[in-house]
Amino acid sequence: YLFADRRFYRGNADRNGYMVDVRSTGCVEGWVAHATASQLINPANVVVSINNWYKLTFTWDSSFLKLYLNGVSIGTPPAQTVVPVSNVHNLYIGKDPVYALTKVTGMIALERAENLAISASVELNRFNQEKHLFGI
């Protein structure tokens, strides 16, 4: 199971917008994109497993892309070089509109989309306040 703050957005093949993704291998990724370029953060050796709850947060602040897992920053935040365009397509949560068979097969217990970058201290505080709801 996945407990995630998901800014999950993938439009048509040009991938305008932003998304957080958990691959079938359990690896996590965060993406920003506009029509001609995309950028991601995909920390090496960070894998989530099935039948466990996680809080996954993806954020950016025009300087860096950041991923947090259970309130802790994961990976080295890369400098942000792509400014996402998010007014091109609809917002999708839990499925990919381009690849119809790509969808969340677990549960999303909480989704939150905000127009602000989350600091490490705010993310850790949120995780500590919410983790008891999911037995973490």
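## Surroundings of Ser73

Leaving aside its neighbours within four places in sequence, Ser73 is in contact with Leu67 and Tyr68, where contact means heavy atoms within 4.5 Å. Ser73 lies in strand E7 (residues 72–74); helices (H or I, at least four residues) and strands (E, at least two) are DSSP runs, numbered from the N terminus. The relative accessible area of Ser73 is 37%, so the residue counts as partly exposed, the classes being buried under 20% relative accessible area, exposed over 50% and partly exposed in between (1.4 Å probe, protein chains only). Ser73 and Leu124 are 51 residues apart in sequence, and their C-alpha atoms are 8.9 Å apart in space.

## Basis of the values

This is a predicted model, in which local features need pLDDT of at least 70 and side-chain atom pairs count only at pLDDT 80 or more, whereas totals for chains, interfaces and linings use all residues. Residues are numbered from 1 along each chain as its sequence is written, and side-chain values use heavy atoms, with hydrogens and water left out.

## Overall make-up

The protein chain contains one helix and seven strands, which follow the pattern β-β-β-β-β-β-β-α when read along the sequence. Of its 136 residues, 38% count as buried. Among the contacts in the protein chain with a separation of 6 or more, 57% are between residues 24 or more positions apart. The chain exposes about 7400 Å², and carbon and sulfur atoms supply 52% of that area, as computed by the Shrake-Rupley method with a 1.4 Å probe, where for residues only the protein chains shown count as cover.

## The open sheet

Three strands, in the order E2-E3-E4, form an open sheet with antiparallel pairing; two strands pair if DSSP finds at least two bridges between them. Strand E2 (17–22) and strand E4 (37–41) stand at the edges and each has a single partner strand, so one side of each is left without a neighbour in the sheet. The twist averages 20° from one strand to the next, with axes taken as lines fitted to C-alpha atoms, for helices over the stretch in contact, and angles running from 0 to 180 degrees between N-to-C directions.

Strand E3 (residues 28–34) pairs with E4 in the antiparallel sense over five bridges, and a hairpin of two residues joins E3 to E4. Within this pairing, Ala33 has Ser38 in E4 as its bridge partner, while Gly30 stands opposite Ile41 in E4.

The buried residues of H1 are Glu123, Arg126, Phe127 and Glu130. Seen down the axis of H1, these residues fall within an arc of 100°, so they line one face of the helix; the arc is that of the directions from the helix axis to the C-beta atoms. The face turned away from the buried side of H1 carries the exposed residues Ser121 and Gln129.

The structure holds two salt bridges, a salt bridge being a side-chain nitrogen of Lys or Arg within 4 Å of a carboxyl oxygen of Asp or Glu. In one of them Glu123 pairs with Lys55, the closest N and O atoms being 2.6 Å apart. This pair links distant parts of the chain, with Glu123 in helix H1 (residues 120–130) and Lys55 in strand E5 (residues 55–60), 68 residues apart. Both Glu123 and Lys55 are buried. Lys66 forms a salt bridge with Asp61, for which the closest N and O atoms are 3.7 Å apart. Lys66 is partly exposed, with a relative accessible area of 22%, and Asp61 is partly exposed at 33%.
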